[in-house]
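Subject: Structure handover

Hello,

Here is the structure I said I would pass on. Please look through it first; my notes follow below.

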Amino acid sequence: MKSVKIIVPFLLTFSLLSFSSCGFQSDELLVDDEEFGLEGSPRHRSPETVLTRSPPVTRKRHSDLDSDSKIQFSLDHAFGDSDFSPAGTFSARLKTWSHGGQSLTKLRFSRNSFTDEDKEKFKNLLKSDDFYRIRLPSNVLSPPGRDFVISSVKARCLPREGLDEHFVIHMEGVNVLAVNYGSPGSCPYPRNLKFPAKWSFNSHTVLKNSEQAPRAPVFTEEILGGENAEGEVVQPPERSFWAKYWMYLIPLGLIVMNAVTQAMNMPEEQATGQVPAQGQPSAGAVQRGPSSAARRR
Amino acid sequence: MAIRSFFIPFLLFVLCFCSSLSPVLSLYEDQVGLMDWHQQYIGKVKQAVFSTQKTGRRRVIVSTEENVIASLDLRHGEIFWRHLLGSNDVINGIDIGLGKYVITLSSGGSILRSWNLPDGQMVWESFLQGPKHSKSLLLVPTNLKIEKDNVIVVFSNGRLHAVSCIDGEVLWKKDFEAESFEAQQVIQPSGSDLIYVVGFSASSQFKMYQINARNGELLKHESATFSSGFLREVSLVSSEMVVALDSTGSILLAISFQNGEISFQETPISNLVEDSSGPAVIIPLSVPGIFVIKTNSVTIFIKVIGKGKFEVVEKTNHETAVSNALPISEGQQAFALVQHAGSEIHLAVKLAHDWDDNLLKESIKMDQQRGIPHKVFINNYIRTDRSHGFRLLIVMEDHSLLLLQQGAVVWSREDGLASIIDVTASELPLERDGVSVAKVEHNLFEWLKGHMLKLKGTLMLASPKDVAAIQSMRIKSSEKSKMTRDHNGFRKLLIVLTRAGKLFALHTGDGRVVWSHLLHKSEACQSPIGLNLYQWQVPHHHALDENPSVLVISRCGPSSDAPGVLSFVDTYTGKELNSLSLIHAVVQVIPLPYTDSTEQRLHLLVDSDKHAHLYPKTSEALSIFKHEFSNIYWYSVEDHNGIIKGHALKCMCIGEVVDEFCFDTRDLWSVVFPSESEKIIATVPRKLNEVVHTQAKVIADQDVMYKYISRNILFVATVAPKCSGGIGSVTPEESWLVAYLIDTVTGRILHRVTHHGARGPVHAVFSENWVVYHYFNLRAHRYEMSVIEIYDQSRADNKDVWKLVFGKHNLTSPISLFSRPEVITKSQSYFFTHSVKAIAVTSTAKGITSEQLLIGTIGDQVLALDKRFLDPRRSVNPTQAEKEEGIIPLTDSLPIIPQSYITHALRVEGLRGIITVPAKLESTTLVFAHGVDLFFTQLAPSRTYDSLTEDFSYALLLITIVALVAAIIVTWRLSERKELQDKWR
């Protein structure tokens with residue numbers, strides 16, 4: 001079994017989000033957020049970080065502040081409605097901030113390979129288009145916390161070359177709010193039955209923290225003045241002559257054109273003498289009337 | 001051709017003319033009431049006090065369960081004045097002091113107010129503090145004076161206060177320190193300066209305090225113990241005796257405290273009534289010499305004869321309401337009782353000391369749909385022949401209020417409409433051969449009479465009464481209040497469910513009640529509590545000749561796992577088609593997007609054991625359901641412990657009884673909010689029946705963005721748990737608000753954003769691909785509104801025309817939510833001046849018309865705000881292209897334009913909800929706002945671009961056309977003549 005570990009670069013963490021402290025580092029966090037945006041992309045997968053199993057001691061705390069400690073929590077999975085069983089381990093560094101907040105960085109994941117029994121179960125899931133379910137503890141320090149966070153996906157979404165999976169773990173301090181599990185790409189419907197060529201997991205993991213909302217813009221007086229003007233119906237001060245009076249100009253133009261054509265027709269007719277009116281006499285009359293303008297348009 | 005060439009310029013003229021006439025968003029003064037209506041209600045009356053002085057208008061002051069104090073006209077039932085107290089300011093008692101002040105005690109007995117009786121102005125207000133929480137009692141003695149001050153006696157919060165009636169000053173107060181003393185009655189025997197406070201202490205002790213009314217000095221304090229304890233309620237039978245029940249409800253106790261001596265007289269109920277069964281309850285009343293107990297469904301009237309001797313005077317199985325006693329003449333007190341018997345109610349007014357003699361006995365036919373009488377209040381007047389006449393104010397089961405006098409209903413008010421819990425809209429019947437289906441057409445005689453009236457009116461012979469009749473007929477026959485469907489879809493029925501469990505159908509044209517239906521009571525369920533309203537069957541009128549129906553879900557008892565009741569009600573007639581008493585509870589109702597061949601919508605009902613039940617229970621529905629079995633997902637929010645769960649169906653229920661309409665469910669996902677930092681305060685899903693016209697949104701630089709319009713998104717707002725306290729309970733540093741967009745099929749968190757320094761309450765509305773929410777910003781000390789728009793990136797590369805031409809796009813491929821979503825969000829926050837009671841959004845038939853937010857402000861008005869103001873793409877200096885697109889330059893706060901209040905000068909008191917219903921005309925939406933008042937109007941968010949407005953001048957159009965035709969004929973003639981001349985030349 002091969003486990004691809006993804007190190008999620010976590011330069012700064014969500015100190016602002018941790019409940020005990022709300023602070024002043026909002027600008028820093030925004031920088032941080034931009035990095036989060038990139039995390040999902042494959043280029044962050046660093047192949048050199050092959051798993052080095054973290055030491056059996058799950059937590060060790062250093063005495064100094066802003067300290068790091070290693071932490072582990074396990075991933076459980078279930079096939080359809082079966083009970084959950086261990087499927088892998090997440091390990092991360094727990095960073096304790098000087099102001100008391102704690103956050104996870106450098107998340108790594110080691111996936112246990114499927115046993116033959118598991119493979120059989122998974123094949124059954126694929127056949128019946130059933131759900132493959134995973135769960136994580138809702139608190140990484142004292143698992144399982146209040147409850148497990150569960151996520152499921154139709155098993156047919158996972159197989160590609162191997163089994164591709166994608167975790168998005170939403171954190172709030174040391175609490176796991178939710179885990180979103182699924183295939184890294186699309187899972188088109190209708191889902192076709194397809195068995196994986198290799199029974200190995202290709203895992204992508206992303207840790208996500210809350211973004212900070214943009215603040216409502218605070219404007220100074222002169223812009224407020226602009227707002228007042230905008231509150232009313234916006235009347236552009238100068239509009240072109242055409243824009244203002246087109247509704248009068250067009251009919252006027254038409255009338256003028258009518259008159260001109262009539263004036264032009266008249267000498268023509270006088271010159272040619274009596275033009276025999278083909279067809280019905282009325283049509284001839286019309287021809288000389290305003291219709292010529294319409295015809296020329 | 002001649003015609004055309006003439007016509008075009010004129011047509012242009014006409015068009016220009018029309019466009020210059022197109023209406024502004026707001027109304028002109030004379031347009032008020034053309035399309036909107038407003039109705040004022042007060043709610044279920046708790047207490048009523050009559051004010052019938054010899055001079056001035058007859059009125060009744062009422063307090064209601066909606067916390068309204070109102071003064072009603074006794075002649076017509078109209079509201080003179082009305083005050084709505086806050087929802088946490090529950091009224092405990094009202095009375096009239098000095099004949100000109102209305103005294104109200106509210107907020108758990110801590111606020112005493114006085115209002116001017118004629119106009120409802122507040123005169124004074126005083127706050128009464130006390131050591132502990134207790135029952136609140138208000139007593140306004142008529143003749144108790146301290147230094148020329150009339151006195152109000154208030155027992156509240158464990159303290160007795162004497163308050164001046166003139167200015168609300170507390171004259172004296174007396175604490176009742178005894179740790180568990182619970183006062184039941186405050187008695188002031190008329191003509192004495194003593195006040196008695198009686199009550200229980202430590203459940204088995206009866207206490208009596210005698211207090212000097214002049215200075216609050218405690219004169220006497222007695223207590224006596226009764227070993228088996230008391231039930232809490234007492235009935236006052238004289239100024240020296242109360243009647244109570246022991247804790248088992250089987251022994252009657254006459255407690256007399258004459259001269260400060262307490263003595264008990266026990267009488268087992270079985271001695272009085274042979275076949276009594278079950279524990280009794282005493283109905284708190286104050287009728288001298290008589291009290292009422294109730295065992296099971298039997299109401300027993302018992303008279304007190306002598307010292308502690310009882311005598312049963314009447315037993316009845318009918319539902320009975322009894323009024324308090326009313327002194328009518330020296331030493332005589334009368335009271336009323338109202339009994340419900342079938343389609344009639346029997347009234348009786350009796351003297352307190354003489355049971356067998358009735359001062360008044362009447363039977364009145366009563367609408368079955370009003371249910372049983374709940375409360376009765378009595379008032380007397382002097383008839384023309386100098387005898388006593390009585391009028392009764394009764395409150396019925398459906399919360400309506402009626403005044404009965406001389407054997408007739410003088411007026412009635414449908415005050416159940418003050419507490420609407422759910423609303424849905426229904427189409428009206430189609431017009432067939434000029435006869436409306438609802439049979440509002442009258443017979444030949446009435447038709448003739450109507451025409452006679454009209455004739456009279458035109459000949460100026462009509463009396464004022466006739467004029468009123470003609471006017472009402474005109475309103476009735478006018479277009480907007482017809483009982484048939486109209487072309488534009490403006491006429492509809494609003495089906496509303498009230499807290500009393502009554503359905504009303506309101507006509508959108510004028511707001512009248514077309515029919516009403518009290519929820520059916522069955523053997524299995526005595527008092528169903530209405531919960532929700534769903535559209536059950538909406539037949540397409542060409543395919544099916546059947547009336548539409550609604551599904552009413554109600555619960556058989558107050559607890560959430562009580563069994564449910566389904567009622568199916570025809571929306572044209574108000575008849576109950578069917579009623580099902582379920583064996584399971586109803587926790588969640590999921591209307592499925594499938595209908596069977598009779599166009600009944602499939603509904604999935606989830607019970608408290610997480611089983612899902614399919615309705616209707618037909619094999620056809622089952623086969624449709626089986627087909628979509630694996631595509632049905634839903635979610636549940638457990639907001640008490642901060643968990644949101646997603647569910648899907650598993651298999652058929654496993655149980656002893658095979659029920660093929662019952663399914664087991666399973667949990668698919670869960671989101672667990674950390675309890676120490678987040679608490680769910682708002683969850684808003686997208687509206688189920690919303691129509692989105694287009695997924696693509698063309699932005700300024702000819703680019704296209706695709707809206708993420710999945711129906712399965714839930715907006716969740718959480719706040720720091722500390723923030724749930726009152727104002728000032730948190731500093732900005734320790735409060736935050738987190739907004740989530742969660743996919744309800746997979747449980748994915750699509751977007752998550754934290755607002756620091758923000759706190760609830762949160763009001764949100766979700767439509768198309770955006771959500772707007774309103775909260776308070778502690779740092780800026782202002783309310784804020786934020787918008788989140790969510791766009792689908794997976795379709796973003798379908799911009800190439802050639803791709804579209806050659807079909808190499810993915811626009812038609814089915815979307816699976818199990819794919820990883822590629823979404824981007826845009827958001828922006830703006831300050832908003834008002835706090836908000838409700839937010840809704842306009843909805844139109846095809847979703848083409850731009851949307852407006854409807855904001856129910858704290859002033860109980862509804863403000864329409866263009867969605868464009870809440871565009872996250874607003875920037876300080878929009879480019880020319882953006883301006884053309886309609887992007888408004890960025891401002892920090894949202895403008896409140898006074899003309900855009902759709903309620904104009906009116907207020908929808910106690911506003912709770914705003915409902916929008918699309919009309920058939922695309923530009924128009926129907927808006928219904930409800931609270932204690934009701935308000936309805938039509939709204940055209942982008943103006944009525946698809947129809948001519950009311951004030952369009954058809955005459956001018958006709959004149960223009962006639963003039964044109966004439967001009968054509970004249971010119972034709974002229975040219976013909978000219979041609980002839982030319983030919984002859």
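Is Glu165(A) buried or exposed? Glu165(A) is buried, at 0% relative accessibility (buried means under 20% relative accessible area, exposed over 50%, partly exposed in between, with a 1.4 Å probe and protein chains only).

Some ground rules before the rest. This is a predicted model, in which local features need pLDDT of at least 70 and side-chain atom pairs count only at pLDDT 80 or more, while totals for chains, interfaces and linings use all residues. Residues are numbered from 1 along each chain as its sequence is written, chains are lettered from A and ligands numbered from 1 in the order in which they are written, and side-chain values use heavy atoms, with hydrogens and water left out.

Salt bridges

Side chains of opposite charge can pair when their charged atoms come close. A salt bridge here is a side-chain nitrogen of Lys or Arg within 4 Å of a carboxyl oxygen of Asp or Glu. Over all chains, 38 salt bridges are counted.

One of them joins Glu165(A) to Arg111(A), with 2.7 Å between the closest N and O atoms. Strands are DSSP runs (E, at least two residues), numbered from the N terminus. Arg111(A) is buried too, with a relative accessible area of 1%.

In chain B, Lys294(B) and Glu319(B) form a salt bridge, their closest N and O atoms being 3.8 Å apart. This pair links distant parts of the chain, 25 residues apart: Lys294(B) is in strand 24 (residues 290-295) and Glu319(B) in strand 27 (residues 319-322). Lys294(B) is partly exposed at 25%, and Glu319(B) is partly exposed at 31%.

Asp415(B) and Arg413(B) form another, at 3.1 Å between the closest N and O atoms. Asp415(B) is buried at 0% and Arg413(B) is buried at 10%. Arg370(B), Asp398(B), Glu414(B) and Lys502(B) are joined into one network by salt bridges that share partners.

Ser636(B)

Ser636(B) sits in strand 47 (residues 633-638) of chain B and is buried, with a relative accessible area of 16%. Its side chain makes a polar contact with the side chain of His647(B) at 2.8 Å (a pair of N or O atoms within 3.5 Å; within protein, one must be able to donate a hydrogen and the other to accept it, and residues adjacent in sequence count only if both atoms are side-chain atoms).

Regards

How values were computed:
Helices (H or I, at least four residues) and strands (E, at least two) are DSSP runs, numbered from the N terminus.
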